[in-house]
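Please keep the sequence and the structure in view while reading.

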Amino acid sequence: MSRSRTALALGIAAAGALSLASATATAAPLPLAGSTTVTPAGHSFKATLSGKATLKAGSVTVTCTVSVSTGTVPAAPGNTNPAGAVSSPISPPTYTSCTSSMPGVTPTVTTSGAWTVSMQNGSPITATMKVPVGGLVVTTSGLANCTVTAAPTAPANVGGSWVNGAPSTLTFTNASVPVTVTGGFGCPTSATSSTFNAVYKVADTTNPAQQITVGP
């Protein structure tokens, strides 16, 4: 075989080996998430805002002091996942008593659609709130008329953390939420994401003497 053909053959062999190695690496299984159990199974719960919730888009911050959502822990065995998170449907959180960082502007927050919250046991315990498409809309009136729509084109996962306690708490710290902003003068129309902060106390409403807890 000529020297050029030998070099070509070696190149093809090397490329084939590289492709095989790449395919093998791609096919390698990812580590499974740990087991999660949310208790008490089948109990209803209520999440009540502690302090204030803020949603910041561009230079504008909307602050609300009242927010509530309700939900139900899945009935057994659905309250346990041996290799991942446990998800519960929740009502669209309500947000009232809201103010804007823009003088002369009054915000109104409306929510809709199928919301969920998922818990993953670990250290720390993580939580993910799923906002449906267009599930949260902030409109302002007064000196600036703006509309901020969260999860405008696809459902958005908002990451947070959970701490077991009496009551347990669900916390969102500088969580990023995709948004679109429309409106005229004073509206942050260039913003494509917002920052969400809130702490919720979660109480068992089926049996107030018990607590909603997340474990392995």
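Which residues of the largest nonpolar core touch the most other members? They are Y95, L170, F196 and Y200, in a core of 49 residues.

## Basis of the model

This is a predicted model, where local features need pLDDT of at least 70, side-chain atom pairs count only at pLDDT 80 or more, and totals for chains, interfaces and linings use all residues. Residues are numbered from 1 along each chain as its sequence is written, and side-chain values use heavy atoms, with hydrogens and water left out.

## Overall make-up

The protein has one helix and 16 strands. Both element types are DSSP runs numbered from the N terminus: helices are H or I with at least four residues, strands are E with at least two. Of the 216 residues, 37% are buried. Buried means under 20% relative accessible area, exposed over 50%, and partly exposed in between, with a 1.4 Å probe and protein chains only.

The accessible surface is about 11100 Å². Carbon and sulfur atoms hold 63% of that surface. The areas come from the Shrake-Rupley method with a 1.4 Å probe, and for residues only the protein chains shown count as cover. A contact means heavy atoms within 4.5 Å. Take the contacts between residues at least 6 apart in sequence: 67% of them join residues at least 24 apart.

## The nonpolar core

A nonpolar core is a set of buried Ala, Val, Leu, Ile, Met, Phe, Trp, Tyr and Cys residues joined through side-chain atoms within 4.5 Å. In soluble globular proteins, nonpolar side chains tend to be buried together. The largest core here has 49 residues. Strand 14 gives the most to this core, with six residues.

Neighbours within four places in sequence aside, its contacts include A47, L49, Y95, L170 and F172. T48, S50, S67, S168 and T169 are also among the contacts of Y200.

## The aromatic pair

How many aromatic pairs are there? The count is one. F172 and F196 form this pair, which is tilted, with 5.6 Å centre to centre and 50° between the planes. The rule takes rings of Phe, Tyr and Trp (its six-membered ring) with centres within 6.5 Å; planes under 30 degrees apart count as stacked, over 60 as edge-to-face and the rest as tilted.

F172 lies in strand 14 and F196 in strand 15, so the pair ties together parts 24 residues apart in sequence.

## Pairing around strand 4

Strands pair if DSSP finds at least two bridges between them. Strand 2 (residues 44-49) pairs with strand 4 in the antiparallel sense over five bridges. In this region S44 stands opposite T72 of strand 4. Strand 3 (residues 53-57) is also antiparallel to strand 4, over five bridges. Here L55 faces V62 of strand 4 as its opposite residue.

Strands 3 and 4 form a hairpin with two residues between them. G58 in the turn has a positive phi of about 60°. Strand 7 pairs with strand 4 in the antiparallel sense over six bridges.

## The disulfides

There are two disulfides, each defined as a pair of cysteine sulfur atoms within 2.5 Å. C64 is joined to C98, with S to S at 2.0 Å. C64 sits in strand 4 (residues 60-72) and C98 in strand 7 (residues 94-100), 34 residues apart. C98 is also the bridge partner of C64 in strand 7. Why is the disulfide of C64 and C98 right-handed? The torsion about its S-S bond is about 105°, so the link has that hand. C64 is buried at 3% relative accessibility, and C98 is buried at 15%.

The other disulfide joins C146 to C187, also with S to S at 2.0 Å. This link is left-handed, with -90° about the S-S bond. C146 lies in strand 12 (residues 146-150) and C187 in the loop between strand 14 (168-183) and strand 15 (193-204), so the pair ties together parts 41 residues apart in sequence. C146 is buried at 4% relative accessibility, as is C187 at 10%. With the bonded cysteines numbered in sequence order, the pairing is 1-2, 3-4.
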